[in-house]
Amino acid sequence: MAITYVEIEDRYQTQTQSENVTVEVTIGDAGVGAYIIFLDKVLKAANTTANLGKASEVIGKRTIISATIPDTLDETNWTSVTVYIKEGSQSKTYGPYSKHVSNNLDTVNFIIQIINQ
Amino acid sequence: MNYQFIRGTLFFVALLACNVCMAQNGNELAVPSTPAFSILNYEPAAIMRPTNPKELSADVLNSFDKNGKLLMNVGLEVAPYWLKSRPALTRAEYLNAKGGQAFKQSLMLSMATVKDTITNNNKLGAGFRFRLSGGKVTAEYTAKEQQLISRATMISVVSSARAFIQTPNPALALTTRQEVIEFIRSAFTNAASGLTSQQLEEFQNYAQSLSSNYSDAQADLLAFTAAINTKIDEASDDLKKEVVALSRKRIGLTTEIAGAASFYKTTHEKFEKAGIWFNAANVRSQTDSWNFSVRYLFMGKDSVNSNLDFGGAYIKELSKFSFSIEAMGRVFHGTMHALDAASNNVTYTDNGMTWRLAAQASYKIAQDISVNLSLGKNFDSPFLQDAGFFSIFGVRYSIFKNNKAALPTVP
């Protein structure tokens, strides 16, 4: 059983100064998995929605999402993850990012870096 | 030896001999896992199970020879819904699927070809199987899933260091193994990670044992974190398998439907037989379940034979003892064409109803040894069948069998 790394980099343009920015992660393809969310080197949340703080405070920083999905489904070898960044009433979706593994029980780790502007 | 002992021994041996044909195992009330193989009564040596459109097209092409003829003795099993990624489907939606979603995610199509070595006919079988409800997972599954999520969190934390090893920002960069270890350690000890001190100790043990194999070059730091993750992942292998196995053990109502048909490829009469299965199983606990099934089989060609089977079963499984009882009815219609003594064409027809009652108990003596006891009366059939014929009454003793009280095969 092997681990495959998928590394993605993207950007997020803040919309306001005062609204809180939150990050939600959905693991798809009926996968069992876990994720951890950093703002720069500060751990913000694991396996739950992260509140990064006010939009003005995240500008210039990187949001890093590290999601790990062991393939535990016989029906498929697809794994996928989707990231939602919400700021007030606005929402932006990143992904879904998908990876097909070669063998059952293989693991995929998605590392998604989002530069906040 | 006295006469009574010899007579008793001979009686027991006779019972063993007459019950050899009952040695098949498995719950015959369930729908077949691969209907196309079941209708052909054949398990192909090579079974293709494509999981994406590219594999499917390659497998279909590989099923034909260079002259465009379908190859024999091959099987294909495909789940159309899973040929592409389903990023919107969460684990919870998958585990609790009902109705249309349960149908889509469980639909399995199968196909097989076989060359009948007796009649020299090539046969093709095609089938489908799906669920309309799949019950609920157990508390044991939920606990194991949480453990696996925790293991995956460990990998996520270790992997997050990769972002800082590769960052162009010197203020954030991790440039030595010690910095990498310290960054990961601080994340493990952060309450938000939800990780335990035992998991931190496990990480530190891996880091310590692997550190000397790598330098502080960027590529080596990435390889170092990957090696730690491989160790964590390998230590999670048994847990992954348990999650897979437990996800199939459901409590509650499961309903399954399957159908299949087989055809001749090399005779003028194409249709051979067809069948449809319906099964509803209610697992009340991990040790206690009942199921109800209906099966209709239809066979054509020289003779016409159709069976409508219906019935139920109750199964009790404890750690050492298991017990099952099955009652089924069969409405049958049989027609056979033959020549009489004067070489006239005659048709024999037999219609009616028959029943089957079977009970089996099993006691596990050791890991692979159990004592089994079965009693039953099988269906009366219009035509004698060469397999699965069930003795009128009998007692069976066997070893090297599992301890499940499985019911004998339905002919």
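1. The interface. In this predicted model, 41 residues of chain B are in contact with 41 residues of chain A. On the side of chain B that touches chain A, the elements giving two or more residues are helix 4 (91–95), helix 6 (139–165), helix 7 (177–189), helix 9 (218–235) and helix 10 (237–248) of chain B. Helix 6 of chain B gives the most, with 13 residues. By class, this side of chain B comprises 20 nonpolar, 14 polar and 7 charged residues.

2. A helix pair in chain B. The axes of helix 7 of chain B and helix 8 (residues 197–211) of chain B come within 10 Å and cross at roughly 170°. Angles over 145 degrees count as roughly antiparallel, and the two helices are therefore roughly antiparallel to each other. Helix 7 of chain B contributes Arg177(B), Ile181(B), Ile184(B), Arg185(B), Phe188(B) and Thr189(B) to the contact, while helix 8 of chain B contributes Gln199(B), Leu200(B), Phe203(B), Ala207(B) and Ser211(B). The residues of this contact divide into 6 nonpolar, 3 polar and 2 charged.

3. A sheet in chain A. Chain A contains an open sheet of 4 strands in the order 5-2-7-8, with antiparallel pairing. Strand 5 (50–54) and strand 8 (90–100) of chain A stand at the edges; each has a single partner strand, so one side of each is left without a neighbour in the sheet. From one strand to the next, the twist averages 15°.

4. Pairing within the sheet. Strand 2 (residues 20–28) and strand 7 (residues 78–87) of chain A pair in the antiparallel sense over 8 bridges. Thr26(A) has Thr82(A), in strand 7 of chain A, as its bridge partner.

How values were computed. Residues numbered from 1 in each chain as written. Chains lettered and ligands numbered in written order. Predicted model: local features only at pLDDT ≥ 70, side-chain atom pairs only at ≥ 80, totals over all residues. Contact = placed C-beta atoms within 7 Å. Nonpolar A, V, L, I, M, F, W, Y, C, P; charged D, E, K, R; others polar. Axes fitted to C-alpha atoms, helices over the stretch in contact; angles between N-to-C directions. Parallel < 35°, antiparallel > 145°, perpendicular 65-115°, else oblique. Pairing = 2+ DSSP bridges.
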